[in-house]
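Subject: Structure handover

Hello,

Here is the structure I promised. Please open it alongside this note.

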Amino acid sequence: MSNTFERPKPVLMIPIRRCGSHALRLRLNFSPEFYSPYPLHLVDFMPLLELYENLADDFTYFQLVIDLVGLQNATMVKWDNVALDPVAIFERIKDRPRSIHTVAWEMLFQAGQKHGAKVVMDKSLDNVYYAEELIDLFEDMKFLNVVRDPRAQINSINRAIIHDFDTLLNAITWVNAHNTAIALADKYPERVLTIRYEDFLTHQEAVLRQICQFLEIEFLDSMLDVSKSTEAQEISVLSALWSTNSSPPILANIDKFKKNLTDSEIEIIETVAKPIMDYYGYEPITKAGAQVTEEMLEVSQELNSIKRPKAWMDLREKDLRDYQLRKFRSDYLNMVKQKLLPN
């Protein structure tokens, strides 16, 4: 691109949510050189992309810009002091390669510029699957690969509303995401920094310094006290998923999975994820010899389809505000889909 030095440098955090990503993002945001707002999670929008058909058409491409700005406005957490203008975004990118990623990153670039940042990071971790497209669009793209013990991470995912509601299904999702990230790091070692979340928990300053060096921003001592983050305080009350984000790292969470997962669930995770656990130095506590069959997968999928609506009902009963904010975003995506479908 000809305007590399006229915009912030892009970084994508990868490869799957519930890895401690907010904890890192909130601390890095203490730097005035760095900007990373609540992510768009573009993966939820991707199934709609084919409905736009021809992005070479200005009308269609501008509609995509409008709809993505609308998606940002429908997120649970708004971008502080940023009002995105679809016209300004379209005019900036209309002559560049046309892509949903071009639009989404221009939104982030413009927001970052308003905050005076020289580096912007998208925490849409699932976008790891579009890494090659991003590298084609932005020659200075970097990736922060955050690894967490799969037993702890899947235990967290199981209780969230963002993935599946079954240990086996989430273990497979975890493995696919990390296989993609490992392949990316092998192919582009200079672009990818890999850290383990557990190392951050035990050596917070050292890991943050390592990340700052990779991002080419200055480490600040203020990053070590997240309780002074206004955003951390605000999002910690929006969802139970983020309740600990305004507090120091909780070391006990490393082994929390032992209380919440059954022995058989732990063995399933260790079986499915064993090669990657070995790769990153996570020791199994079972024989990792579970037999995963097609029948097990079918049962998991059936149970998951039953648990999904129940999880939404439970969220509504336990945390109405969280439910309403997430439902609003879901309704927005459905509205966009209905608008694009042929009459």
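In what order do the strands of the open sheet run? The order is β2-β3-β1-β4-β5, with parallel pairing, in an open sheet of 5 strands. Strands are DSSP runs of E with at least two residues, helices are runs of H or I with at least four, and both are numbered from the N terminus. Two strands pair if DSSP finds at least two bridges between them.

Before the details, two notes on the source. This is a predicted model, where local features need pLDDT of at least 70 and side-chain atom pairs count only at pLDDT 80 or more, while totals for chains, interfaces and linings use all residues. Residues are numbered from 1 along each chain as its sequence is written, and side-chain values use heavy atoms, with hydrogens and water left out.

β2 (34-35) and β5 (192-196) stand at the edges. Each has a single partner strand, so one side of each lacks a neighbour in the sheet. Helix α7 (residues 167-187) packs on the sheet and touches β1 (9-14), β4 (142-147) and β5. Contact means heavy atoms within 4.5 Å. The direction of α7 makes about 135 degrees with that of β4. Axes are lines fitted to C-alpha atoms, for helices over the stretch in contact, and angles run from 0 to 180 degrees between N-to-C directions.

β2 pairs with β3 (residues 119-122) over 2 bridges, in the parallel sense. There, Y35 has V120 as its bridge partner.

β4 is largely enclosed by the rest of the structure, because 5 of its 6 residues are buried. Buried means under 20% relative accessible area, exposed over 50%, and partly exposed in between (1.4 Å probe, protein chains only). β4 pairs with β1 over 4 parallel bridges, and 5 bridges join β4 to β5. L144 of β4 is the bridge partner of M13. L144 also has a bridge partner in β5, L193.

**The rings**

There are 9 aromatic pairs. Rings of Phe, Tyr and Trp (its six-membered ring) pair if their centres lie within 6.5 Å; planes under 30 degrees apart are stacked, over 60 edge-to-face, the rest tilted. F45 and Y52 are stacked, at 6.2 Å centre to centre and 25 degrees between the planes. Both F45 and Y52 are buried. Y279 and Y280 have centres 4.9 Å apart and planes at 90 degrees, so this pair is edge-to-face. Y61, F62 and F90 form one aromatic cluster.

Two charges sit over rings (NZ of Lys or CZ of Arg within 6 Å of the ring centre and within 35 degrees of the ring normal): K142 over F214 and R196 over Y282. K142 is 4.7 Å from the ring centre.

Best wishes
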